[in-house]
Amino acid sequence: FFGLGQAIFLSLHARPFAAYLVAGLIASAFGLWLSRQRIIPFFTVLMLFATFAGASLVQFHLYLVQAPTLKKPVYTASLIGAIVSVEPRDGRTRLVIAPSLIDGIKNADVPAKIRISLQGAIHAVPGDIFSGKAKLFPLGVPETPGDPDFARALYFDGIGGTGFALGRNYQIEPKNRAGTSLLEATGRLRLAIMARINQTLPELQAGLANAILVGERGGVPPELAEDLRKSGLAHLLAISGLHMGLLCGVVFFVARLVLSMIPAIALRYPIKKWSAVAGFMVGALYLLLSGATVPTQRAFVMTAIVLFAVLVDRRAISLRLVAIAALVVMVVRPDAVLGASFQLSFAAVTVLVAFYQGPGAKWMATGRDVAAWERAGRYFGLLLITGVMVTAITAPIIGFHFGRVSLLGVLANLVAIPLMALWIMPCIVATLVFMPFGLEVVPLTILSPALEILIHLARLVAGQDWGLWYVARPSAMVVAPILLALLWGVIWRKWPVRGLAMVPVLGAIGTMFFVYQPDILVGGSQKDWVIRNPVNGTLVFNGKISSFHRSIWMSRFGINPSKAVMQTDRCGESVCWFERNGQRIVIAETIDDPFYICRHADIIVVLKQDFPKGACKTRPLIIDDDVLWWQGGAAAFLPVKGEPAMYRTVRDTSGYWPWISIGGR
């Protein structure tokens, strides 16, 4: 409910007054005092209090991160600032810069950080000074209502604009290494590790190794990244609980093994606790090297709690551990609750911990006299059960965010996870140990065949189109209650209370009857559009649609790219006419004869021209330049059961937030 409060807050149309949240906190706190002797009322009020607390924390974070953002595109002849981070990205380099000067923008309006792209690879490290020409843009808002919102995460990262350097007329001046901050030192260390790996391994393998070791996925080619997603192996690229657990586990057990071989130490000192400290230190280093992403934060917090439990001789793995990790991540980064990374990580971990605390506990226990083949069979059996559970619990989230679910991911992970546990991660640990001595070539050479097997596995599974299930994106009002019901059922053990999970399930079922897919999407860039045939689900795009928007919208409507030829079409005419649900629709960039259009169209879309007011005696639905410029992209819904046609804009759905800039405001 703490996270639910954050999600509700960020889903509002605008930031509410802080006084409302304070009043809610005070009222619910007073309710806790009044109901302190009755458990059910107390718990009910506690959920309300947690919801207000989560929302209040987002309000506080917005106060902390508030900074100017760009409102309109800017060509600047002089951009000067310190480089915060360097990210190689598929033939280009992405820099995050803390600008001290942006020519053409007042100092008071300069964002705290901006992100720009440069062509090719450059030699720069965090702390260096960048100066040059650039074109900068406001944070990108969703192209149409319901499209992914990338701007919110950038704003919480402190980034107020994006863009690219103009040509190669820029300079990068090295900073004096004295007085280097921890962030800059870590960034330089990451780049140095990546350079060593790139020199030793082939390109594809180096990209994977960099992703696993330092969390930098820019070196993974788009084709391979897509194969990993299709095969259900993309989680191997995001440093998460699997990586952190294996890394710290390897360090813990190796340290304990080495110490136990020295009787003078093993018989006098708590070597198990010393090994836990060693695992914690390596985990903290791994967190810094990986860029401290949400999955890594969650994994580190959980691993740290496990190791701390070893130090104080307490039970480590429990749902309370998951809850503490979730609270820590939500306190540090409250916008994470709406992201796929947070949702997938905690959904998978929660169901696994609940299972292995309950029914799976006795299956995990193996006697010492059990044969090796039986242990191996039990290991792969539990791995299969784990894969099935994780696939089932994460399917609604993956379908909502990405429009497809990998059915073969369970089988692919039967090979990939043992490969990670027994081959890849031990080599990663050895690489970290040997690299300061210049001997990283030995573990990386041993690592190379394992990465090659992983690449071939991803390609093999991704090539089976029947193993991917493409789904039209469901509504958040359907997915969220289902996940809430699953979480409620996992946490509670007694059926009278567990049965309350049916309440959100019934709510989700009821919502399904009132949620419709849009029939027309018109991009806020005033270039791209798509219209759907509700009878057979096929799509028609404009003649020169961008590949990015085409893939986003196909995924949104659940269309398999391999079947795009049969399920999509294009209209390359200057004026495109359609008939859907008895409605005549016209879509054009400009219209020469508005009076003719008025007489023959029920829905009029004009991308780059204001449609004359009063031109139509009837009242058609009109989406024109005036709407798209000031309100953003639009999603139109054709009449259903006698209801009138209507449209919603990005401003209607995304609201008024600092990261939403439409029409220069």
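Modeller: The radius of gyration is taken over C-alpha atoms, and the globule rule is 2.2 Å times the number of residues to the power 0.38. With 665 residues, a compact globule would have a radius of gyration near 26 Å, and the chain agrees because its value is 27 Å. This is a predicted model, in which local features need pLDDT of at least 70 and side-chain atom pairs count only at pLDDT 80 or more, whereas totals for chains, interfaces and linings use all residues. Residues are numbered from 1 along each chain as its sequence is written, and side-chain values use heavy atoms, with hydrogens and water left out.

The part to examine is Ile385, which is found in helix 15 (residues 372-402). The chain has 25 helices and 17 strands; these are DSSP runs numbered from the N terminus, helices being H or I of at least four residues and strands E of at least two. Ile385 counts as partly exposed because its relative accessibility is 28%; buried means under 20% relative accessible area, exposed over 50%, and partly exposed in between, with a 1.4 Å probe and protein chains only. Across the chain, buried residues make up 47% of the 665 residues.

Leu352 lies 33 residues from Ile385 in sequence, and their C-alpha atoms are 9.8 Å apart in space. The C-alpha trace of the chain spans about 95 × 65 × 55 Å along its principal axes.
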